[in-house]
Structures are given as C-alpha cells and as structure tokens.
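The sequence and the structure come first.

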Amino acid sequence: GRRWWLVDPEGCGFFSAGLDCVSPKVPCALVPGTEKLLAGKPQSDARLAAAVAARGPWGYPAFDFGIANLIRGFGDAWQGEWEAITTRRLHQWRFNTIANWSDVSYARRSAVPYVMPMPAYPTTEVKLFRDLPDVYDPAFEQAAEKYAQHLEAFRDDPYLIGYFLANEPGWAFGKFNLASELLEASPGSHTRAARRKFARERYPG
C-alpha cells in the first residue's frame, strides 16, 4: 500500500527492460581531409539523399551509413522495413520497452511501451548553482508550464510509460556540499527568500 508499480493489461507487475537509442539514425561527421577513408563519395548518389545531412555532429556535414544501407536494401520503403525488423528484434531479444533517446515517432507506432526525453529543461536568468535554476522565480513557473505542454500530444498514448525531464545536469557533478552551495550562493534569488521565510516559520525567533 505504499509503493507504486507499473502493471501490464492483465494486472501483473511490469518490469521494464528497455533498449536506449532505438533509431535508424547514426550520422557520421564528414570531417574535411577524411574523404579518402570512405568508399566513394556518399553525396554523389542521389538515391541516398535521406542519408545525407548538411549539418551533423560537431557542425560538419554528415552521412548516415546505416540509413544508406537500408535504402540500398529496401529502396523508398526502407523506413517501414526498418521498423518491422526492429520491432521483431526487440521481441526476440526479450526487450519490452523502447528506452530513452530513441526514435519517438517509431516508438508511438510500434505498440511497444516506451519512454522519451523532454526538450530543454526550463531555466532562469539567475542560477542557484551552476545550471540549477531559481525554482521559486515566477519566471520558472511560467517556463515549466510551457515545458509541460510538450506532453499534450502524448496524454492519451497508453504506451508512454515515462519521460525524462533532463539528463546529467551540471549541478550534480563534483565533490561539494550542495546544501552549503545553495545557502551561500545567489543571495538575491527567489529561492533564497523562500528558504528564509520557511526557516522563520519553522523556527520562530
């Protein structure tokens, strides 16, 4: 009576075994000077246009060898073929969830439970520590409401079992006393004022 559990449609406990980064996209940066390492110039084949990106990793043009091979094998139907193959593989390999950083559009069509990353986490002009926003700032509340609207399109999707608010926030790394950092930093922040009000109410005098 004190714990929440995910359950399957039959009421049994659901243990999510998910695979990250389920996507056909693995773009490789075409760094100037490395063209001779490639078997031919990928941009020269018009059929492979979907595998070419003008701007990829680190700002360089990019070529996706995985998508190129799918196009070579299946032609214009490559996306649907990849999805069918991938769904079959997930079941065969005993994965029951499509995990974070995956192709969300595919996940929604797959009839496999999935999670997804949210867009950029709300922030404020004044930071409490590193990238930790001033969460009592009215501007943060407004930004958070706008941020939450991203979920509107997913509200009735029974396969969405969770979402990630952020990944590896900068404030979380290092050897430091986070409580001390928050007490000492940003004396003019809304959070500092809220903390002072809380302390005075909790500990009169």
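## Two loop residues

Asparagine 167 sits in the loop that runs between strand E9 (160-164) and helix H5 (178-184), where helices (H or I, at least four residues) and strands (E, at least two) are DSSP runs numbered from the N terminus. Its relative accessibility is 43%, so asparagine 167 counts as partly exposed; buried means under 20% relative accessible area, exposed over 50%, and partly exposed in between, with a 1.4 Å probe and protein chains only. Tryptophan 93, in the loop between helix H2 (78-92) and strand E5 (97-98), counts as exposed because its relative accessibility is 52%.

This is a predicted model, in which local features need pLDDT of at least 70 and side-chain atom pairs count only at pLDDT 80 or more, while totals for chains, interfaces and linings use all residues. Residues are numbered from 1 along each chain as its sequence is written, and side-chain values use heavy atoms, with hydrogens and water left out.

## Cysteines

A search of the whole structure for disulfides (pairs of cysteine sulfur atoms within 2.5 Å) finds zero. The sulfur of cysteine 21 has its closest cysteine sulfur in cysteine 28, at 14 Å, which is too far for a bond. Cysteine 21 is partly exposed, with a relative accessible area of 49%, and cysteine 28 is also partly exposed, at 31%.

## A three-stranded sheet

Three strands form an open sheet in the order E2-E4-E3, with antiparallel pairing; two strands pair if DSSP finds at least two bridges between them. Strand E2 (28-29) and strand E3 (52-53) stand at the edges with a single partner strand each, so one side of each is left without a neighbour in the sheet. E2 pairs with strand E4 (residues 62-63) over two bridges, and alanine 29 has alanine 62 as its bridge partner in E4.

## Aromatic pairs

Rings of Phe, Tyr and Trp (its six-membered ring) pair if their centres lie within 6.5 Å, and planes under 30 degrees apart count as stacked, over 60 as edge-to-face and the rest as tilted. By this rule there are five aromatic pairs. Tryptophan 82 and tyrosine 106 form an edge-to-face pair, 5.0 Å centre to centre with 65° between the planes. Tryptophan 82 lies in helix H2 and tyrosine 106 in helix H3 (residues 104-110), so the pair ties together parts that are 24 residues apart in sequence. Tryptophan 82 is buried at 10% relative accessible area, as is tyrosine 106 at 1%.

Phenylalanine 129 and phenylalanine 176 form an aromatic pair that is edge-to-face, at 4.9 Å centre to centre and 65° between the planes.
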